[in-house]
Amino acid sequence: MNKNFTQHELDRAIQDLKLKKSPGEDGVTNEIIQHLGKNMMKKLLQLYNTTWTTGNIPQIWKEAIMIPVYKQGKDKKKPESYRPLSLLSCLGKTMERMVNTRMTWYLEKYNILVEEQAGFRRGRCTEDQITLIAQDIEDDFQEKRHTVVVWIDMAKAFDRVWRDGFLFKLKDNGISGNMFKWTEQYLQNRIARVRTQHFKSRTQNMKHGVPQGGLLSPTLFSMFMNDIQTILSKGVYGAMYADDMAIWATEEYTGTAQARLQLALEALRMCTEKWRMKINPEKTTFTTFTLSTKSQTVCLKIGEHQLQEEPSPTYLGVTFDKRETWKAQTDKCQERGILHTGLLRRLAGTQW
């Protein structure tokens with residue numbers, strides 16, 4: 001929490017830098033950092049330790065250049081048809097990498113993050129959550145039970161993080177000293193401007209959320225969302241990958257699963273409102289997994305909004321179906337394989 005960074009930590013962070021990445025406003029690239037001489041490396045380490053002990057972070061490290069990237073098939077005249085690509089200072093991101101290494105080590109060593117959260121954690125991936133849900137459903141099929149899964153969509157989750165509330169959770173999780181002071185300043189006075197071609201907009205203060213594109217942001221977000229899983233009612237299970245969340249209940253009768261999930265949804269709604277987050281009820285859906293040929297009626301609500309049933313939901317890139325035949329997923333993979341094979345044939349020409 002308080003010790004100065006060592007040359008070994010800096011060297012390891014620089015080794016992990018990805019090349020050919022666009023720099024932030026200061027124009028310093030990762031290639032420049034990797035080719036610094038020994039004396040400049042010492043000066044850089046001295047700079048990082050000064051910001052670490054004082055909490056004073058150069059303002060240019062907290063300025064983002066936002067590049068709008070068009071989403072295919074959308075109306076080009078609407079702002080929501082573009083996703084923002086954030087360019088941050090490479091010098092600042094190198095410092096973030098070292099802080100993030102220490103913070104994740106602390107969170108994992110003391111088991112602070114809940115087991116249900118798999119996002120951005122070493123040794124965990126999307127396949128863990130997909131396998132967990134799929135295996136539970138398959139086991140329940142063997143016992144002739146029904147599983148109802150709610151696929152929860154958080155509205156602009158990373159952009160809605162309440163910073164004061166997050167700092168409270170940071171202290172509550174034992175983050176203190178230089179690490180707390182540096183992280184607090186890291187979130188303050190964040191500004192951004194949009195750049196298109198050779199033009200830049202005026203700067204805009206970013207009062208909420210964690211910095212998009214920041215290496216520390218996923219860890220901070222996981223800590224902010226950490227207690228959501230702890231409020232789930234009895235008989236309800238959950239899986240998270242960052243803000244992608246699913247909760248489910250398995251019962252002999254779908255009515256019992258519905259009652260358990262409705263209590264859990266109400267608890268989630270109240271918890272997210274308390275911490276100034278928001279569940280998007282229009283995009284939140286549910287699926288009833290069953291081998292029964294009888295129609296299973298389930299009615300779930302978030303507030304006054306009734307959730308829609310989705311027979312073929314996609315979670316973390318994998319498409320499920322009610323009977324777990326995986327036909328929709330295999331068809332999707334086959335289409336992708338045919339497309340790639342066709343491209344290879346064109347590239348190979350007559351030598352194929």
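The mean positions of the 52 positive and 40 negative charges of the protein chain lie 8 Å apart. Lys and Arg count as positive here, Asp and Glu as negative, with His and the chain ends not counted. Each charge is placed at NZ of Lys, CZ of Arg, CG of Asp or CD of Glu.

This is a predicted model, in which local features need pLDDT of at least 70, side-chain atom pairs count only at pLDDT 80 or more, and totals for chains, interfaces and linings use all residues. Residues are numbered from 1 along each chain as its sequence is written, and side-chain values use heavy atoms, leaving out hydrogens and water.

Now the whole chain. Its C-alpha trace spans about 75 × 65 × 40 Å along the principal axes. The protein chain has 10 helices and 14 strands. These are DSSP runs numbered from the N terminus: helices are H or I of at least four residues, strands are E of at least two. Of the 352 residues, 43% are buried, meaning under 20% relative accessible area with a 1.4 Å probe, protein chains only.

Next, strand 4 (residues 191-196). Two strands pair if DSSP finds at least two bridges between them. Strand 4 pairs with strand 1 (residues 63-70) in the parallel sense, over 4 bridges. There, methionine 66 stands opposite valine 194. Strand 6 (residues 204-205) runs antiparallel to strand 4, joined by 2 bridges. Isoleucine 191 has asparagine 205 of strand 6 as its bridge partner.

Strand 5 (residues 199-200) also pairs with strand 4, antiparallel, over 2 bridges. Arginine 195 stands opposite lysine 200. Their hairpin has 2 residues between the strands, and glutamine 197 takes a positive phi near 55°.

Conventions
Buried means under 20% relative accessible area, exposed over 50%, partly exposed in between (1.4 Å probe, protein chains only).
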